[in-house]
Structures are given as C-alpha cells and as structure tokens.
Amino acid sequence: MSDWLITPIEYLKGVGPQRADLLKKELRIYQFEHLLYHFPFRYVDRSVHHKVKELLELEGFAQLKGRIIDISETGTKQKRLTVKFQDETGMIDLVWFQGAKWMKSQLHIGKEYQVFGKVKIYGNKWNIPHPEIVAIEDIKINKGLQSVYNSTEKLVSKGLHTRGLETLCLNLLNQINGNIYETLPPYILKRKNLMPLAEALKNIHFPESQIQLERAQYRLKFEELFYLQLELLLRKELSLKRTKGIKINKVGKYFNEFYEHHLPFQLTNAQKKVIKEIHQDFLSGKHMNRLLQGDVGSGKTLVALMSMLLMIGNGYQTAIIAPTEILANQHFVGFTELLEPLGIKVDILTGSVSKKRRELIHENLRNGNTHILVGTHALLEDVVQFSNLGYVVIDEQHRFGVAQRAKMWKKNTKPPHILIMTATPIPRTLAMTFYGDLEVSVIDELPPGRKAINTFHKTESARLSVLGFIREQISFGRQIYIVYPLIRESETLDYMNLMEGFEAISRTFPLPEFKVSIVHGQMKAKDKDFEMQRFVRGETQIMVATTVIEVGVNVPNASVMLIESSERFGLSQLHQLRGRVGRGAEKSYCILMSGNKLSKESKKRIQTMVRTQDGFEIAEVDMEIRGPGDILGTQQSGMLDLKIADLSRDAEIVTEARNLAKKILGSTPELEGVENEILRIQLKKKLKNKPNWSKIS
C-alpha cells in the first residue's frame, strides 16, 4: 500500500479536525484510502435538460432550465422559501426549509437559471426541495455524469452532502501523482482486459463517459470478488490440510437395518445423492464441513438421520441442534419413533429440562449410552460433554451465530463432522461467496405426494369471502393457520396485531363449535408446547400465531395458511410459512392478506409468492430486494463488507472471479513466483485481523 493512502483524512484540503471527526464517526473514513473507496452509489446525467411537463413521468432527479417568476417567504421562526420556476411547458415550486434568508438574497425574478434536484410531492403538489441552482450565465461547462454519494444528516449540516463529498474526492484525486499502486498482477489485467487501478478510481468518481464508467465498475467489482474467492478457497484448502476428520470404515448395521425395514417413505434420487456425498466425506478421513440446502418439505431431516446412523454404526455419538424447542421436540419425537426398533437411544436437552433430568442426560452422554442428542442452544454449553462425538447437524443455520457453532468443535479431541442444514434456499452467488469454503449439497426435488400449494393475494374487501372459505375448510375436517406479524399494538404501525386477531377469530368462529389455539414468542415454553400439541392432535381447528411456527411444525391435516398483513413479512418468511401446509393428501392453500396500498417492494414480494413455489427463485428475488447481508444476517459481521460488488446483480462476475482464483491456485497452490507477489501482498493485507471462518462454519 502507498504510504500516501494511509494519510489521516484531516490532512486533506477541505477537511480539517471537525469534519474529520464526523467522517470517521458517520462513514468510517479515517484515511485517504477510505475516501477513495467511498464509491458513488448512483450517477446522474447532467448533460440532459428536462421539461416541467415531463416531471410527473420521471422518478428521482431532474435538471431544468427556465426563469424565476415569483419568490415568497413564509413562517415566523422557521422560514420557508418558495420560488416559482417556469419553462415554456409549465411551472414547479422550488422549496427551501433551511437557509431561506441567504438563498432569497441570491435569487432574482426574471433571471434564467439551471436547476437540479429530486422531484417530490408535498400536499398534492409537485416540488423540488433544496435544489442546486445556478444562473445560466455562470455555467462554465455542461457536466456529463455526476456522482451521487451516501451521506448523513450530521455530515450534511457541515456541508458534506453529496456535492461536498464530490469536492473532497476531487481534491484527493488531484493529489494522486503516481501514488496509486496496482493491486492485480499484469497477467490478470491482460487476461481480463482490465482498466489500471488508478484510471478505474478516477473514472468511478468522475466518469469521462458511460463506457469508461462501466469499465471502471467492472475492474473494481472483479478485483473485490476475485480476492474474496481467493481467500475462501485458500482457507478451505488450509482447513482440509490442518484438520483431520473422523474416518469411518463401514456402513454399519443400523443404516442397513433402517434402510431395508424402517424407512418411512421411498427416498428421492436427490436424497440418495446427498447421503452418498456425506458418506464419501466420512470415508475420506478429511473433516466434513457441508451445507445442505433443501426447500421446505424436501426431506432434509431424513437425510440427516440416515447419515447419523452411518456414524452411530461406527461407534460414534451424534447431535442435532435446532433453533427452537418446538423444532427440537419434533425431531426428538420423530427420531424416537423411527429408531426405537433399532435400540438406538435418543435424548433431548433444552432450556426447559429439569435439573434432575439434565444430570441424567449428562451422565448418559459421558458414558456413551446416548447415541443421538437432540437439543437447542443448551447443547452449546461447556458442561455438555460427550464420550465420543463424531457428527453434528445444525438445523436452520441462520439462527445460530458463528461463535456458537464453533463451540461444537471443542466437544471432541478430533473435531466432529459438521452438516449445516437450511430450508431457506440460498442464491447460487451467495452460497459461492459466503459458503465458498464449504462443500454444498442440494435436495432439489420434493418427496412423492407433496402437492402444489395454491397461493392467493387478497385485500380487506375480500375478508368475508376468505372467512367463509376457512369455515368451509373446517367443515371438511381441515385445520387452519392464521399468522400475524406483531404481538402487541404498535403506535407507529397500523397493522392488526395478534391479540386483536385472536379475539376477532374467536368471535367469528365461536365456541364450542370451533376451538382456537394461540402461540407466540413471549409465551413460556411449556404453554407454547401445550397449545401446539393441542393443534397437532386436532383438538383445535385454528392456530393463531406469530412466526414462531415458521419452522418445525408438521401438521399434515392443516390445509390453509392465512398470513395477515403479509406486506410486513420478508419473502423468505412468507415462503417458510407457506411450507407449513401442503404436508398431507388434501389440497392446500396460502392466502396473503394485505392493505390496499402496497409499496413497490411489498408488491414484488407478494407477486413472487403467487407466481412461484420454487424456493431458489424466491431466494434470488429476496436477495435482489433486501441485499445479501440481510438474508444471512451477516450485515454486521464484516463477511460481506463489499464496497462496490452486488451479489444479486453481479452473478457472472462472481463466477468469473471464482473460476480464475481456482485456476491460479490449481497451478500455484502457494501463490509462489514473482508474478504472484502482488497477490501475496494483497492477501496478507486482507487477511490481517480476520477470523478464520472456515474453521468454525
């Protein structure tokens, strides 16, 4: 790195101590380098002038040319300046809420100006608040593409709005003078026809043309993704070399006995393939870190159980960790019923287990009597010690932090094999990036008998017909889920909450003809379980709940999932909730209730749900809407701290970057040679102070 780049930001012309403090706190800009890599998030073409009559069709920023025909000031303490601006096609208000007095002194009726700003609607009237405005006679050159930067309210108050940041970037770039060192080797620049770094940084802030901007963006995105993939692949290789896995020698009696005599239904080809992949890992002597993706109801749990039998048949203990007690109990009951004929001892450890029972569980674990331990976060406690733990399955991985999962490594002298399962399909680019150091298995087909779920979007005007449909389904002997986004009334959100919903449903479907269960996250575990079991046994026809039932509830008789205020849910949540029905032989339905007014994003989520049941397609749309960090809960972890690349839009670049990284490591695993010196220097810089995620995935 150039010494010039690590110069403290306060020494840049136009910054100083006060602004430097704000840049550090608000944008984490401490040095010249940080400002250089604070990229614009959008560009506006300033060479184009719009007409007033076109503004209603535009979204976002507009540039106009015209005359001021009136200036008025209102308000006593807080002055508001309104300027009527006109061209040959119409008139629009320009509004200033701050600096009104000074602004008024700069403007003159009848004079021609160029105006640039964001068109908004206020009180049913279109206006442009706080626009940039300059007299036509003062314009020296017509700008082309102009950068728009992220800023904050505090920065704006000190003049560091997007234009202020643009000025700082210009000051910085004027000082470069050969101080930018290349960060990719010449052979990569040539092979990928990449723009040199100094040129790319100049064009990302001040594009010479649209073509040069696109070349700069590609160069910087490729570099960012290339080093990320190189790092992940190196960590993966290092982990395989350093960590020896538990090796098994045989299939064992339990697996064969179960497969031949106790299999609850025929395995799909996808399930067989994944079991074979896991078995190969167990035989290899290498430590397994595998991610298993499968849509809701695809049979991941059966794959986990059968792979556990392989390990148990070789004398090892196994564990499965679930995010909720409800799901842990379901696994425990299911495993116990299936494995009882084989004499396999299954136990469960959760937060609600009594002290006396807990002591017995610990003893059975230590002496090896327990073959499978099912549990929640309670399994991660240091006091939980196994005799010979060989294999850990983590269900719904996004509910567990990396540090929590790392604790399972310490449960044996030789780390147990790890299988991470998720029913939230992860887009290919995200899996390739965030889980690039894991092997990935996919169950991409549903077991025979799983029917498509009919999904509908309804608004409040259709509520009576929806309630009539529910009544009809109950008369057929079916059960219903009704899910709400909130537990208590919120002063800021105008959505029906769960308690109001419970009362409304109880009035609509009165006792004793209808029985209703209620489940939410603030209930005690035993009360929650009591209500859930009533529903499972068919003693109640309607389950009113929050997203606590998102995972782990299996009621084949439930045929309708009604989601209230569906616009409040994420796409992944909606898909998970829909997966609670369609588990029996009967036709199933998912009804998405919403208000009449929907945001563009809400509309897209609901339309996607109605259009498709493909979890991977849904995951791609979800990532497009929310961004990759939000999907995996990694926004704060630093794992996906990408400056310019976007995994939802740059899939091709991710693939290109990974393929090149693989090719380079394939020929030079240690990145040896003079030609790779830049790669070694950059990787050392990037890996500094980073945890080894591959060891704890």
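What follows is a walk through the side-chain pairs of this chain. Please keep in mind that this is a predicted model.

Let me begin with the charged pairs. The count comes to 25 salt bridges. I will take some of them in turn.

One of them joins the side chains of E132 and R163, with an N to O distance of 3.4 Å. E132 sits in strand 8, residues 132–135, and R163 in helix 5, residues 162–173, so this pair ties together parts that are 31 residues apart in sequence. How do the two ends compare in exposure? E132 has a relative accessible area of 28%, so E132 is partly exposed. R163 comes out at 14% relative accessibility and counts as buried, because the cut-off for buried is under 20%.

Next, E182 and R219. Their closest N and O atoms are 2.8 Å apart, and they form a salt bridge. E182 is in the loop between helix 5 and helix 6, the latter being 186–192, while R219 belongs to helix 8, residues 210–242; the pair therefore ties together parts that are 37 residues apart in sequence.

Now E381 and R358. This salt bridge has its closest N and O atoms 3.9 Å apart, against a cut-off of 4 Å. The two residues link distant parts of the chain, 23 residues apart: E381 is in the loop between strand 13 (372–375) and strand 14 (389–394), and R358 is in helix 13, residues 355–366. E381 is partly exposed at 37% relative accessibility, whereas R358, at 17%, is buried.

Some salt bridges also share partners. In this way K273, E277, D281 and R290 are joined into one network.

A brief word on cysteines. How many disulfides does the structure hold? The number is 0. Among the cysteines, C169 is buried at 2% relative accessibility, and C590 is buried too, with a relative accessible area of 0%.

That leaves the aromatic rings. Two quantities describe a pair of them, the distance of the centres and the angle of the planes. Here the count is 11 aromatic pairs.

Take F255 and Y259. Their ring centres are 6.3 Å apart and their planes stand at 5°, so this pair is stacked. Both residues are in helix 9, residues 253–261, and because they are 4 residues apart, about one helical turn separates them. F255 counts as buried at 12% relative accessibility, while Y259 is partly exposed, with a relative accessible area of 38%.

Which arrangement do F282 and Y391 have, stacked or edge-to-face? The centres of their rings lie 5.0 Å apart and the planes are at 80°, so the pair is edge-to-face. F282 comes from helix 10, residues 269–284, and Y391 from strand 14, so this contact ties together parts that are 109 residues apart in sequence. Both F282 and Y391 are buried.

Finally, ring pairs also build a cluster, and its members are Y218, F222, F226 and Y227.

To recap: 25 salt bridges, 0 disulfides and 11 aromatic pairs. I am happy to take questions.

Methods:
Residues are numbered from 1 along each chain as its sequence is written. This is a predicted model: local features need pLDDT of at least 70, side-chain atom pairs count only at pLDDT 80 or more; totals for chains, interfaces and linings use all residues. Side-chain values use heavy atoms; hydrogens and water are left out. Buried means under 20% relative accessible area, exposed over 50%, partly exposed in between (1.4 Å probe, protein chains only). A disulfide is a pair of cysteine sulfur atoms within 2.5 Å. Rings of Phe, Tyr and Trp (its six-membered ring) pair if their centres lie within 6.5 Å; planes under 30 degrees apart count as stacked, over 60 as edge-to-face and the rest as tilted.
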